[in-house]
Each structure stands twice: as structure tokens, then as C-alpha cells.
Amino acid sequence: MQRVVVKVGSAVLTEDGKIALSRMRLLVEFLAEARKKYEIVLVSSGAVAGGYTKLKLDRALLANKQALAAIGQPVLMGKYAKKFEKYNLLTAQVLVTAANLNKSDDISRVKNTVETLLHNGVIPIVNENDATATDELEVGDNDQLSAYITQHIDADMLIILSDIDAFYESDPRKNPDAKVCKIVQEIDEIMLNQEVSPNNIFATGGIVTKLKAAAYLLKHNKEMFLASGFNLDDVRAFVLEGKHQGGTLFSKENRDD
């Protein structure tokens, strides 16, 4: 059975300063179906946004952001647990820091924990431990965190569900005729060095962080699929039916439908 890491961003999980429960419900429904074919590990943003629903603090201050993450983690996990329970699935929280991903012993422990959870039919939900991480820029965002997790737990593919539905030849916000790059085999260094441009106040990335995640995985001979988290039709077709109708596949293989 192939192992797949699915990362969902804050822009998808939050709306108007609240957790977008309808989108979370559809995400969980998809993951429950995907789990019948694959081992699934979820990397989820949304802890800070979840905390903000309970306490309105200025997230520009690191101490406030960490406090919001501490409040929001149990809020987020509680909502996931309730939604997965409908499918008789148990969830578990796996918090990591940048330091964990720089030490071989810690990496082994993270992998062993994930392996044990998967072996027992549990859905691991991974996030950076923002409540205590002061050197967070070493990971920086959950796009890159999810890429590192994909590599370190020997997963076969990373799927990123985002407000960015694919990688385009040019910026679709500026060029309405921009075409989707359906399959990308290599990424230009110029693209990787662009300025990060988050689209959501709770997001920390943009297309650049996704490209960096893809470049890292391509370097390690792994694949990444980028698709919309607002409309799951493309990822459902790709994962459940093996049809590449939309989204971008980053792969060294030039695969066709």
C-alpha cells in the first residue's frame, strides 16, 4: 500500500477568521475514502487560526502567535476527531519542531511514531509545534514541513491542497489566459528565489513555498501533486480514480493520464 502525505493550508481551513467547517468536512470525507487505497498522513495548518476564534490577539507578535497556537491546537484536533469519528477513524496529533527534523535520532522517533499509528489504523495529523518553536524559520511553513515529513517517513507522494489550484505558466491573477503546467519535471532556480506572497492573513507561504517543497521532493525522487482545497474534484479524480484532470503533478517521470 502506497503512503501519501496530504497537506492542507490555512487559506483552505479558515474563512472570515473562523475554521471553515464545511471544507474540513469535505476534506475528511475525501481522506476517509483515500484511506481505503493508501496509508494517509495529514499535515494540517490552522492552529493559530483556531486559537484566534477563541481569543483575538495580534498574531504579528511571536508570543501572541505561540499563545494562539497553544489555544488552537486542541480546538483544531477536536474538530478533526469529531469529523473522522463519523467514519470510525481515530486521529492522533504529532507535533514536531525544526530541531526534530535536523536530528537523525528525532527523525527516527517521529517515523516510528507515525509507523505505529498507521499500523494500528490511526490517522496521524502532523503540525509544527508553533507554541514552543522559536527558531521556526528553519522550517518556515507547512509546505516545506510536509515535504520533509514525506521524505522522512518514506511516503511516496505529497499532495498539497491550497487556494492555489495548480502551477501556471504565468500568474493567473494578472494573466487570465495563463495556462496550467500539468506536469513539471524540474523547477527553475529563479522561481524558487521569488518573494513569498501569502494570500491569506493566516498563511505563511504562497506558490514559492510550494515550489520549494516540490523541488526538495524531486531531488529525492518523490512526487508532489498540487490542487485546489476549495474544490476537491481534481484531487479526488487523481487519487481515487487515477485521472489527471486538473492540478499540477511534479514528477521526474513524464506520466500521461
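Q: What share of the contacts in the protein with a separation of 6 or more comes from residues 24 or more positions apart?
A: The share is 73%. The model is a predicted one. A contact here needs heavy atoms within 4.5 Å.

Q: How do you know that the span of helix 2 agrees with its number of residues?
A: Helix 2 covers residues 21–34, 14 residues in total. At 1.5 Å a residue it should span 20 Å. Its end C-alpha atoms are 20 Å apart, so the two values agree.

Q: Which residues of helix 2 are called buried, and what makes them so?
A: They are Arg23, Met24, Leu27, Val28, Phe30, Leu31, Ala32 and Ala34. Buried means under 20% relative accessible area, so each of these falls below that cut-off. Across the protein, buried residues make up 53% of the 257 residues.

Q: What do the buried residues of helix 9 pack against?
A: Helix 9 spans residues 233–240, with Asp234, Val235, Ala237, Phe238 and Val239 buried. These buried residues pack against helix 2, strand 7 (157–162), strand 9 (223–228) and strand 10 (248–250). Just after helix 9, glycine 242 takes a positive phi of about 70°.

Q: Why are strand 5 and strand 6 called paired?
A: Pairing requires at least two bridges. Glutamine 93 stands opposite isoleucine 125 in strand 6.

Q: What makes the crossover from strand 5 to strand 6 right-handed?
A: The chain goes from strand 5 through helix 5 (residues 104–119) to strand 6. With the strands pointing away from the viewer, a clockwise path counts as right-handed. This β-α-β crossover is right-handed, so its path runs clockwise in that view.

Key:
Residues are numbered from 1 along each chain as its sequence is written. This is a predicted model: local features need pLDDT of at least 70, side-chain atom pairs count only at pLDDT 80 or more; totals for chains, interfaces and linings use all residues. Side-chain values use heavy atoms; hydrogens and water are left out. Helices (H or I, at least four residues) and strands (E, at least two) are DSSP runs, numbered from the N terminus. The expected span of a helix is 1.5 Å times one less than its number of residues. Buried means under 20% relative accessible area, exposed over 50%, partly exposed in between (1.4 Å probe, protein chains only).
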